[in-house]
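Take a walk through this model, one local feature at a time. Keep the sequence and the structure side by side.

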Amino acid sequence: MGFKSAVTLLAVGIALAGGCSNVNRRLNPASVTLEHRKTNQTRSAVFAEVIAPQEQTAPPVRSDRVVTAPTRVMPLPRDNDGVFVGLALSGGGSRSANFAAACMFQLQRVGLLQHVDYLSSVSGGSVTAAYYCLNQGEWNPQDVQKKLTQPFANDLLLRSLLPWNTAAFLFTDWDRSDVLAHVFEDRLFSRGGRPLTFADLRRDRPRLLINATDLQSGRRFVFCNETFDELNSNLAAYPVAYAVTASAAVPVILHPVTLRDFSTSFKQYRHLIDGGVADNLGVPTLVETYSAQLRSAAESGQPDPYPRGAVFVVLDARTHFNAALSDKSDMGLIDSLEAAVGLASTDLVNRTSSATMAEIIVNSAPDNQPASELRRQIHEINDEGFVRFKDRAGHPVRVIYMTLSQVNGLPNLPFAEFSDSLNGIGTYFNISTTEAYHLYEAAELLMKYKFETRVSEVVAEIEGRTTP
C-alpha cells in the first residue's frame, strides 16, 4: 500500500469515527407523510406550554404566521407569575463568555436569574448559555471560572496541527470547526465520556435558544425544535458542542457548520456561521418568541400567557476598542492589520448593537406612539441601560441593558487603568485569568453602582411584591 493510500485510509477512518460537519440525524423516515411526522420535543423551543395565571391548560396551536408552533409541546414547570423573562448573551469570544457568566452570578444574587424563562445566545455567549443549561449542579463560581478560562483557541491550533487531523483536512469533510466542536465537547459538553446533546438540557427553566447565521440567506438560524422540524432532523440527538461552534464560527477563521436537510429526498444542506453576522445580541429571538406566544394565544382563544408583560435582560460584552499602541514609535504590517481589523469589527458590533436595541423599541411600540417618545426611550436605553414602555398589546415591558463599556462611567474603579484593561481584552477564545478576574470585577461594579436598585425593583414586580 502506498503512502497516499495509507493516509487516505487513515483520514477516512478518522471521519467515520469522529463524524464530519453534517452530524445531524433524520427525525422521520422520508416515506412518512408530512401530516404524520413526529416533531422535536427538546427543551430548546420557541413555543412552550405556558400556564397563564388563570387556568390555561392547553398548548398553543399552529399559526400561519412567521413562527409555527409544534403540534405537541413539552411543558415547562408551572410558572404563574404571568411575566415573560428573557436573557440575551452577546457574542465576543471568551470575553463575552466570562462577562456573561459574571453578570449572571450577579443577577442570581439579586434574584432575577431564577425567573428567566428563555436564554438566547450568540457566539461566545453561547458557550456560557449552553454550560448553564446543561450543568445545574456545576453552576458555581469555582467551576465556571475554571471551565470558561480554558484556552480554546490554543487547543484548536494544536489539534489542527496533529497529523491525523491535517490528513483528514485534505481528504475528508473534516475541518477546523469539527476540531473546535470536539475541543468544546472535551472541555465543557460531555459527561462520563459521552457528548451532551439537546436531550440533556436541564429540566427546569430556562429554555435554550442558540443563534447562528444561515450562510445562504444571511438570516438568523435558531437551534430549536421548530427549526429542526423544518429540516426533519432530530434535535435531541444533536451535540450541543456543534451548535455552540456554529454560533461562533467566524468566517474565514472557521469553516461553516453544515446540517443535512432531511425534509427532502434530494441532497440539500444548510451552512451555518457566526450568529453575530446577523445579530450580535440574541435579543430579536427573544422578542419574536414573546410576540409569537402572545399571538398564538390570541388566535386560539386561550388566555393571555403574559398579562404582566415582559422583562428583557441583555448582557453585551461590547467595549471601546484599545489596540495598546501608545508605546510604539512605528507599526509593522501585522500590528497595523490587527489594529485595523480590531477597530473595524468593534465599531461595527457596537453600531449593530445600538441599532438592535433601538429597533426593539420601535417595533414594539404602539402605532400612535409619538416620535419624540421613541427617541427618548432609545436615548434612555443607550445611556441609562434601563427603560420601561408599553408594547402594542398594552403590556408593560422592562429592558435591562448591561454592557461592558458602561464601566467607563462608574465611580470607585479598582485602579486608574481599569477601563483600559477591559478595552484591551480581545474577542478570541483565549483569555488570561487576570483578564477574566477583571471581567468579574466589572460585573460586580456594574450591578452595585448602576443596576442593583432597578433590577431589585423588577424582581419585586415579577414576584408580585410591587406593582409596575
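In which loop is Val252 found? Val252 sits in the loop between H9 and S7. Keep in mind that this is a predicted model. The backbone at Val252 deserves a look: phi is near 80°, a positive value in a residue other than glycine. Most residues other than glycine have a negative phi. Val252 is exposed, because its relative accessible area is 76%, and the cut-off for exposed is over 50%.

Ile253 belongs to the loop between helix H9 (240–247) and strand S7 (257–261). At 55% relative accessibility, Ile253 also counts as exposed. Together with Val250, Val252 and Ile253 make a nonpolar surface patch of about 300 Å².

A positive phi also turns up at Ser123, where the value is near 50°. Ser123 lies in the loop between S2 and helix H3 (124–134). Is Ser123 buried or exposed? Its relative accessibility is 5%, so Ser123 counts as buried.

Now turn to the charged side chains. How many salt bridges does the structure hold? There are 13. One of them pairs Arg205 with Asp117, with the closest N and O atoms 2.7 Å apart. Arg205 lies in the loop between strand S4 (194–195) and strand S5 (207–214), while Asp117 lies in the loop between helix H2 (93–109) and strand S2 (118–122), so the bridge ties together parts that are 88 residues apart in sequence. Both Arg205 and Asp117 are buried.

Most peptide bonds are trans. Pro206 lies in the loop between S4 and S5.

Another salt bridge joins Arg202 and Asp204, again with the closest N and O atoms 2.7 Å apart. Arg202 counts as buried because its relative accessibility is 10%. Asp204 has a relative accessible area of 26%, so Asp204 is partly exposed.

Next, look at Asp155 and Arg187, whose side chains meet in a salt bridge of 2.9 Å, N to O. This pair links distant parts of the chain: Asp155 is in helix H5 (residues 152–160) and Arg187 is in helix H7 (residues 176–187), 32 residues apart. Asp155 counts as buried at 11% relative accessibility. Arg187, at 30%, counts as partly exposed.

Finish with a group of three. Glu373, Arg376 and Glu380 are linked in a network of salt bridges.

Technical notes:
Residues numbered from 1 in each chain as written. Predicted model: local features only at pLDDT ≥ 70, side-chain atom pairs only at ≥ 80, totals over all residues. Heavy atoms only, no water. Patch = residues over 30% accessible without salt bridge, like charges linked within 9 Å, V, L, I, M, F, W, Y side chains within 5 Å. Areas by Shrake-Rupley, 256 points an atom, 1.4 Å probe, with all protein chains shown as cover. Salt bridge = Lys/Arg side-chain N within 4 Å of Asp/Glu carboxyl O. Helix = DSSP H or I, 4+ residues; strand = E, 2+ residues; numbered from the N terminus. Buried < 20%, exposed > 50% of the residue type's maximum accessible area, 1.4 Å probe, protein only.
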